[in-house]
Amino acid sequence: EGRQVRRPEVAPDELLVPMLSECLGDDVPPVMRWRAERLLIRRDPEKVLDVLRVESEHPERRRRYRALESAGRLGPMAIPLLRESIANEDPGIRRRAVKSLGILGDQASLATIAPLLRDDDLSVVQAALRAVLRLTERPEHSSEHVDPLRLRELMDVEDPELRTNAFVAAARLGFVFDDLPEPPLTSEGPVSDIVSATAHFELLARKGDDDELFRALDAEGMLAASAASAIARHSEDIPRLTAMLESDVPTIRAAALR
């Protein structure tokens, strides 16, 4: 107690970068090479980019995959490499490339990512949909490149996460569907389904299905609050909005006031 702890000094780039660069050779043990890459990403990312481009075409699958995952940490300079990799015949490469593009958050990459929603490999489709969700979190997002019919198809697949993400993406992108399936439900109860239910309510509101929305006000807790929020944004049914003011639930009364 009371003793000062000396932190190690960080070696300057002009000394460290050449040493780390020597560890990128093919004859270096993989663990040492990977650690050198991680450190160089912070020190000299341009030097690492050239190495990762070569690694992304390596005969060993594990090295190709790791290269694409590392590229996602380089920032915008890795975008050309990742976009090229999306066309790779290996679904593992496509999946990792689209994941890294989603993490980088480049809006222009949406045009490259969206076609993968129709990929033959379902894991690539899931990665593409997650990337679409990431890119549409920002207010400047556009729905121009995403096919609403494909999202509607994905609402009917068996995978609950894929279906939920399709509902959320469609709601976030402002799409309107005449026919809507029920949102995916899990065995964990309504609270765990709030994300898909909220997206479902938003899509119902855009469709103009006030009857189902107002029936949902009888649900419990967060589900009723989500339905009330969708009603507040879209409904023009003045008598039923006025009736909501007499609800015992504060969130429903607040939604009616809005």
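## A tour by selection

Select glutamate 161: this residue is partly exposed, with a relative accessible area of 39%. Keep in mind that the model is predicted. The side chains of glutamate 161 and arginine 130 meet in a salt bridge, 2.9 Å from N to O. Glutamate 161 sits in helix α10 (residues 160-172) and arginine 130 in helix α8, so the pair ties together parts 31 residues apart in sequence. Arginine 130 is partly exposed too, at 40% relative accessibility.

Next, select aspartate 147 and arginine 118. They form a salt bridge, with the closest N and O atoms 2.9 Å apart. Aspartate 147 is in the loop between α8 and α9 (148-154), and arginine 118 is in the loop between α7 and α8.

Move to arginine 94 and aspartate 119. Their side chains meet in a salt bridge (2.9 Å, N to O). Arginine 94 is in helix α6 (residues 91-104), while aspartate 119 is in the loop between α7 (110-113) and α8 (122-135). Are these two residues buried or exposed? Both are buried. The whole structure holds 17 salt bridges.

Now color helix α4 (residues 61-71). It is mostly covered, with 8 of its 11 residues buried. Among them are Tyr65, Leu68 and Ala71.

Last stop: leucine 40, in helix α2 (residues 30-43). Leucine 40 has a relative accessible area of 0%, so it counts as buried. Draw a distance to leucine 74: the C-alpha atoms are 9.8 Å apart, across 34 residues of chain.

Key:
Residues numbered from 1 in each chain as written. Predicted model: local features only at pLDDT ≥ 70, side-chain atom pairs only at ≥ 80, totals over all residues. Heavy atoms only, no water. Helix = DSSP H or I, 4+ residues; strand = E, 2+ residues; numbered from the N terminus. Buried < 20%, exposed > 50% of the residue type's maximum accessible area, 1.4 Å probe, protein only. Salt bridge = Lys/Arg side-chain N within 4 Å of Asp/Glu carboxyl O.
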